[in-house]
Amino acid sequence: MARIELRNIQKFFGAVQVLKDVNLTIEDGEFVVMLGQSGCGKTTTLRAIAGLETVTSGTISIDGRAVQDLRAADRDIAFVFQSFSLYPHMTVYENIAFPLRAVRQSTSDRESAVREVARVLGIERLLNRKPSALSGGDMQRVAIGRALVRRPKALLMDEPIGALDAKLREQMRAEIKRLHISRNSTSVYVTHDQIEAMSLADRIVVMHGGLLQQVGTPEEVYNRPSNLFVAQFVGSPVMNVAEIAPQSGGLSFGGDAMLPVAPGLVSHLPEGRALKLGIRPEAVVVSETGGAGTVQSRVTNIEPLGSHEIVDVTLGATTLRARMEPGRVRTGAPVWVGIDTERAHFFDAESGLALRRTA
Amino acid sequence: MARIELKGINKSYGAQRALRDLDLVVEDGEFFVLLGRTGAGKTTTLRAIAGLEKLDSGSVLIGGRDVGGWTAAQRDVALVLQQYSLYPRLTVRGNLEFPLRSKIRSFSEAEIAARVDKAAKTLQITHLLDRKVERLSGGEMQRVSIGRAIVRQPSVFLMDEPLSALDAKLRESLRVELKRLHSDLGATFLFVTHDQVEAMSMGDKIGVLRQGRLVQVGTPSDIYDRPLNTFVARSVGSPPMNLIDGRLAGGAAEIGGFRLPVDGKPAVERTVTFGVRPENVTLQSGAPAEARVFDIEDQGVIKVITLDMGESRLHVTVPAGTRVARDELVRFGWKADRVLTFDPDSGHNLALA
């Protein structure tokens, strides 16, 4: 059980500032995922919470108690790394029991604690094996078991499944989420993988350049990105972003390409500023027949992915990618393109910030 | 003409058999993707065609001619690797000119300039020509290394995971660029990857490789909709195809105590492994089967629901707006015309046996 608060955290490595005024509250029992590219500051933030990294200034508190000057061992927090770091000469049982050696506890209490985590992680049958006889997924389960056996206040994970293959990652995602729910522990998880973030998090913290870009539920981050960076970091294929100019008849994509949209949409947009339209592939509508709110275009590429297709169409200087059911259009074919204006985003081209619709 | 044909290729590294009686045909001008896991023999196959690997047996034909005795340089193939090996001290132009200045080729300065300019234009790196390569981004470097392959105008391009080291956004855009490049050049492309999205989205044909053997060759839709066996079925699609052991009886499927309809299956009774893709499982009240929701993954555009069926788990993809809760009991069915049946022992697709 732990509520973690970061206030005005600054961190310099020499002259380089890697964390710029980070403020974040992680509620008790919450699963928070820090998402960003390498070098964005996500791992530094996690290590600062754990006490593996000092901060230059600011406060870190756990359940209201300032901990930034406490040693890692005194913070009652467990940490799981991408590399498994198990003791190769010990059995799985001994590895999991290892953190309990400092705790005064009867042998039977210790054994029941180890068996309980092993049961939760589904590795009871492996307890007598050495780590060298385990698969990658099982090794990471043991590492998580070792982190959990002390019943820490919070579990911090740094790309814990980044080294596993795709199928195992999928399976481990579900297990980690179940584990979090059954233990009701506060979890902070670092990844660069947007699918992991979307599928695990109660809230996602998107970081870039040492700054928090957006903090929100997966649904908020996906559907209401606060800026262009977030918009293009989450989602696959990435959100289409196009320079547009609002005109009386609709949105101009440059050249002759004018997409007619309802006047109400255009009138909400500010004048005299360079704007960008953001539209997710599933909100681009491509059809072989025209209609209101569409413009003629041509299919330049199709990626058949089995369950759906990614269809590229050109509008002026822009290529828009659309997500469609398989087999609806052909490459080179003339088509009509429209957008679902309910799901259109507009950004200030200079600042990258999303323009919130007022109506 | 650059049709590639491999006949009965065997290659071992010590006790490790990398390729086993491999037969493979890549037609002239085709974009062929070899899909397989680490150690399946993908890279060995490419190196065999390039002439970088001495084979234990079998023959390699390019354009109908046996190139077994030819050196790598004589084979007129270009190899693009995941690790772009550019000359860091040279400019982009210097790197692109380099293969044309080799001693065994003699090109006039005008010819060199023309080829470099054309390649740069094709790859949209003209504005970078005078830059040092160490100042380029990863995607730009990979384009330069492809450019270095293009300038020689080879008839065959061999690409070994060229996109794997790039970030997701860049991979997306280079996939499209590579396909365009292929149709502009009209050359034969053999592309090796472990990434099923790359294979599906780029290949005219996909060859699925497993432990040095070619398991199936077909168009992306052949591989996705008509897999030869359960291995192929699970190598494309994300989440992968659900495989559920059950019985075929009276033209319907019996799984976990439920009966679900299947179309076009013979009225024999037998145990089978049913295969159904997550997008063909439907959640609906009144549907024939029931299970508990084990996990929900919100991927923005869709949700992936995992159902706990006791012995197995079932993935279902549903629209993002679908409301379900973890541990809720839901009714589910499937699209009866999209269900495959496999032999539970051999894994073979019974419809293709």
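**Terms put to the test**

Modeller: Start with burial: 41% of the 359 residues of chain A count as buried. Keep in mind that this is a predicted model.

Colleague: What makes a residue of chain A count as buried?

Modeller: A neighbour count decides. The residue needs 20 or more other C-beta atoms within 10 Å of its own. In chain A, 41% of the residues reach that mark, so they are called buried.

Colleague: How do you know that Val33(A) touches Tyr189(A)?

Modeller: Contact needs C-beta atoms within 7 Å. Val33(A) and Tyr189(A) meet that cut-off, so they touch. Val33(A) also touches Thr191(A), Ala197(A), Leu200(A), Ala201(A), Ile204(A) and Val205(A), leaving aside residues up to four places away in sequence.

Colleague: Which residues touch the most other members of the largest nonpolar core?

Modeller: They are Val33(A), Met34(A), Ile96(A), Leu156(A), Val188(A), Val205(A) and Val313(A), in a core of 100 residues. Helix 4 of chain A, residues 136-148, gives the most to this core, with 6 residues. At least three residues come from each of domain 1 (4-225) and domain 2 (240-348) of chain A. Another core, of 89 residues, lies apart from it and includes Ala78(B) and Trp334(B).

Colleague: How far apart are the centres of the two domains of chain A?

Modeller: The centres of domain 1 and domain 2 of chain A are separated by 41 Å, taken over C-alpha atoms.

Colleague: Why are strand 15 and strand 18 of chain A called edge strands?

Modeller: Strand 15 (284-287) and strand 18 (318-324) of chain A are edge strands because each pairs on one side only. The open sheet has 5 strands in the order 15-19-16-17-18, with antiparallel pairing.

Colleague: How do you know that strand 16 and strand 19 of chain A pair?

Modeller: At least two bridges are required. Strand 16 (residues 295-304) and strand 19 (residues 334-339) of chain A have 4 bridges, so they count as paired, in the antiparallel sense. Arg298(A) stands opposite Pro334(A) in strand 19 of chain A.

Colleague: How many residues does each chain bring to the contact between chain A and chain B?

Modeller: Chain A brings 28 residues and chain B brings 26. On the side of chain B that touches chain A, helix 5 of chain B has the largest share, 5 residues. That side divides into 11 nonpolar, 7 polar and 8 charged residues.

Note on methods. Residues are numbered from 1 along each chain as its sequence is written. Chains are lettered from A and ligands numbered from 1 in the order in which they are written. This is a predicted model: local features need pLDDT of at least 70, side-chain atom pairs count only at pLDDT 80 or more; totals for chains, interfaces and linings use all residues. A residue is buried if 20 or more other C-beta atoms lie within 10 Å of its own, exposed if 12 or fewer, and partly exposed in between; C-beta atoms are placed from the backbone. Domain bounds come from an automatic or database domain assignment. Two residues are in contact if their C-beta atoms, placed from the backbone, lie within 7 Å. Helices (H or I, at least four residues) and strands (E, at least two) are DSSP runs, numbered from the N terminus. Ala, Val, Leu, Ile, Met, Phe, Trp, Tyr, Cys and Pro count as nonpolar, Asp, Glu, Lys and Arg as charged, and the others, Gly among them, as polar. A nonpolar core is a set of buried Ala, Val, Leu, Ile, Met, Phe, Trp, Tyr and Cys residues joined through C-beta atoms within 7 Å.
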